[in-house]
Amino acid sequence: MTSSSDRIFSASSSQITTSFNKGNVNTHLEDTMSASVAVYRNIYTEDRFRQSYGTEDKPRGGGQRFREKIAERCRCSRAACLHLLRERIPIFNWLPKYRLKKWMLGDTIAGLTVGILHIPQGMAFALLTSVAPIYGLYTSFFPVVLYMLFGTGRHVSTGTFAVVSLMTGSVVEQLVPTPLQLNSSSPEAADFEAQRIGVASAVALLSGIMMLCMFGLQLGFLSTYLSEPIVKAFTSAAAFHVTISQLQSMLGLRLPRHTGPFSLFKTLASVIENLPQTNMAELLTSLVCLAILVPVKEVNMRFRQYLRTPIPVEILTVIIATGVAYASSLDSNYDVQIVGHIPAGFPSPRMPALHKLPEIAGDTVAITFVGYAVSVSLAMIYADKHGYSIQPNQELLAHGISNTVSSLFTCFPSSATLATTNILESSGGFTQLSGLFTSLVVLIVLLLIGPLFYFLPKAVLACINVTSLRQMFLQFQDLPDLWRVSKIDFVVWLVTWLSVVVLNVDMGLAIGVVFSMMTVICRTQRAGCSVLGRASNTEIYRPLENHNKCYEVPGVKILTYNGPIYYGNRSFFREDMSRLLGLTPERIRSREKARKALEKREREAVSTVERGVANTSFSSENEFFKSETAESEVQAVLIDCSSVIFVDVAGARLFIQMCIECQKVGVCIYLANCNESVLRILTSSGLMNYMNPQHIFVTVHDAVMYIQQQKEQTPENTTTVWV
């Protein structure tokens, strides 16, 4: 049998009243019942609980465990090979389970719709990348086929993306700037285009290699450092860069492209300065295109639930504009810039500009992270919506292979795209097979129809670029909700947006990530320490600042710290603890002085007792020390570690220091709710040399019951000591 001092008993009786509200229907349910919770068990310290319920540690060396893991991973069998094949090439997993009658029609319609949209957007985003439009069509073909084989997102549409194209175009402009005077039909122009696509392909190659390396190291979790406010603010600000960069094409101005910090303002100033040179024919073309594209896109958005497929306004605009430009000879009569020659056929493999890799490495890191983060975010959004899961590391492999292989066929970096992914899902796509029909549409254009777009005005492509950014601009609508939910995330959004707009796309993204991480660090530094009180007749303990009906346990100060304890916040933790416990240097010195005087009196009392004489002065000194302790009303400090997720060496040493200081003032320290890693670090740091191991409890209530029962078992002090 266990004594009553080792038991806990608590019971409560309550009434439960529940109210449900939904729309205009109010349902009120009242159920009065008597409910009691009776807990009758031993008081558990961590050691005692581990002995009763813990698993036995098997003494095995770290090297042996490592060898076993390696042997298990390298074990080869037919089943393991098939599992690896299905895991790394997902088409072998989902294609045998394909529901032909249920999914084929939706995949076909969605794939064809997206393929039609890829044609104008691919050529338009090629202008953002500062390469010829034909390379945008190549980039709309190869990544789509490769992602269909290796990707796990069923509703993800890959290809050209405005933000990635803009960032790649900045690299191309830095390394191969546009000459002021260049005849598009001269041999120098062909060499110039070859240099540009060589740099863009090198960016795609290096980005793919980086993703493959990240896949090998299983670094798919790195995308989580680009939080939702950062991604939304970044894409929204990048939309401004895209819009400003397209003004010169919409106005028919031949201006050099600005890169680096403050490039947006430099481009805007250059456009305003050269407004008198505006080509009125191109301005009129742009206005007509915008007048068509904007309203029809709005109709597609507002009535998408009624439309089986969205109206393909982009491809219709391209066809009509090409026909009008051909019939009116806009290029020769009004000096309108046109797309020019688009070669028919399949591109031949070509090595990127490998000698440029060292110069593009820094910019490619930002492009890689942006492309991967946007792709994974889109894949997760639609996976959650349709009830399936994606594998972030497999997405690294899919996009890494897509960019690496595509770069050998003169493609620039690709990623998932916002507009086409949204259209793919809303058009009824079910699986990755829709990518097959998308690539077939683009392939037909490449082989047969491409040369017919010779007379397409570049101003039309610029208008398509600008109108495709509608979703990015609308992200401003999230700001009021973001302010209401989290003001810190609102500030992260604002800082990222301003940094990208004012400085540059890659530099602004870096500032946004660093600032976001700093907010996390600041929040862990000032996590805050609270005093816990007990709810009457329960084992529930809550902060007194928010629960004024809870009460402090007499003689016990229960504290909780709502964050990790590490080198970055140890001083704040110490400051909060000292303030709540009153551990001022003056109090510590006075109590230590009193303790030394007590020890001296005790030694004198022992020698007096040995001579057979009672020392009443020792008794009075002891009473004086006890009365001083009673005045402070705190004889024990209990630290609830349930919110302490980790402790480093500096935090563990601070615990030791706090133990020593509390011992100096006659206060015992107890711990509760320590997780395994925290307890292991505290034990390894030597805390048990300054603290009783039996003072570490499983729950706060166990510790409180133990402290109260220890006080009850303490015999009453006597006024004298007799032999």
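Val-299 comes out partly exposed, at a relative accessible area of 34%; the label covers whatever falls between buried (under 20%) and exposed (over 50%), with a 1.4 Å probe and protein chains only. The model is a predicted one, where local features need pLDDT of at least 70 and side-chain atom pairs pLDDT 80 or more, while totals for chains, interfaces and linings use all residues. Numbering runs from 1 along each chain as its sequence is written, and side-chain values rest on heavy atoms, with hydrogens and water left out.

Val-299 sits in helix α12 (residues 280–302); helices here are DSSP runs of H or I with at least four residues, numbered from the N terminus. Together with Phe-303, Tyr-306, Ile-311, Leu-316, Ile-320 and Val-324, Val-299 makes up a nonpolar surface patch with about 670 Å² of accessible area. Areas come from the Shrake-Rupley method with a 1.4 Å probe. To join such a patch, a residue needs over 30% relative accessible area and no salt bridge, and nonpolar side chains are linked within 5 Å. A salt bridge, for its part, puts a side-chain nitrogen of Lys or Arg within 4 Å of a carboxyl oxygen of Asp or Glu.

For context, most residues other than glycine have a negative phi.

Turning to the inside, a search of the whole structure picks up 6 cavities of 30 Å³ or more. A cavity is a set of points on a 1 Å grid where a 1.4 Å probe fits but cannot get out, and lining residues have an atom within 4 Å of a point. The largest cavity has a volume of about 190 Å³, taken as the space filled by probe spheres set on the points. Its lining counts 18 residues, with Ser-245, Arg-257, His-258, Ser-263 and Thr-267 nearest the centre. At least two lining residues come from each of α8 (162–175), α10 (228–251) and α11 (263–273), and α11 gives the most, with 5. By type, the lining splits into 7 nonpolar, 10 polar and 1 charged, where Asp, Glu, Lys and Arg count as charged, Ala, Val, Leu, Ile, Met, Phe, Trp, Tyr, Cys and Pro as nonpolar, and the others, Gly among them, as polar.

Methods:
1 Å grid on protein atoms, 1.4 Å probe; cavity = no way out; pocket = protein on both sides within 12 Å on 5 of 7 lines; lining within 4 Å. Patch = residues over 30% accessible without salt bridge, like charges linked within 9 Å, V, L, I, M, F, W, Y side chains within 5 Å.
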